[in-house]
Amino acid sequence: MLLQYLDDKSQIKDAVRMAEIGLTSAWTLDDCKVAIAKYISSPPMSDTNLKFVFEELLERAREKEEKEAKKRKRLSDEFYEFLYASKEITASSKWEDCKSLFEDRHVASFAFIDLELVTRLQGPLESDN
């Protein structure tokens, strides 16, 4: 029983890795079955083993998502603090004038901010002035 579970677990993890399946906390057991079906060799594995392994993978996906959410929150807070502390940026600042501040600062740490989007959003605002 345990040996079969470990074999099934190994097959599932290999399938997830080979297919580069991006399992998220929103997945269902059926989603997982469909995604790995063509990567699992015969004989078919038990639904019980699949369910146990799926629950493990789902828990890891939740942990990764929570970690990513905390990272984004921290970066967002750092970005807010940067904006708040910056004397060069005012309500009347234009994006083009401030762009270099972001490029000089570790832009990689603010990677979640789409600077291109900011530029596009700023466009109509500049034309209003």
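Me: Are tyrosine 80 and tyrosine 84 buried or exposed?
Reply: Both are exposed. Exposed means over 50% relative accessible area, buried under 20%, partly exposed in between (1.4 Å probe, protein chains only). The model is predicted: local features need pLDDT of at least 70, side-chain atom pairs pLDDT 80 or more, while totals for chains, interfaces and linings use all residues. Residues are numbered from 1 along each chain as its sequence is written, and side-chain values use heavy atoms, without hydrogens or water.

Me: Why is the pair of tyrosine 80 and tyrosine 84 called stacked?
Reply: Ring centres (Phe, Tyr, or the six-membered ring of Trp) must lie within 6.5 Å to pair; planes under 30 degrees apart count as stacked, over 60 as edge-to-face, the rest as tilted. Here the centres are 6.0 Å apart and the planes at 20°, so the pair is stacked. A search of the whole structure finds 1 aromatic pair.

Me: Why is H1 called oblique to H3?
Reply: Helix H1 (residues 2–18) and H3 pack at about 50°, with axes 9 Å apart. Under 35 degrees is roughly parallel, over 145 roughly antiparallel, 65 to 115 roughly perpendicular, and the rest oblique. The angle of H1 to H3 therefore counts as oblique.

Methods
Axes fitted to C-alpha atoms, helices over the stretch in contact; angles between N-to-C directions. Helix = DSSP H or I, 4+ residues; strand = E, 2+ residues; numbered from the N terminus.
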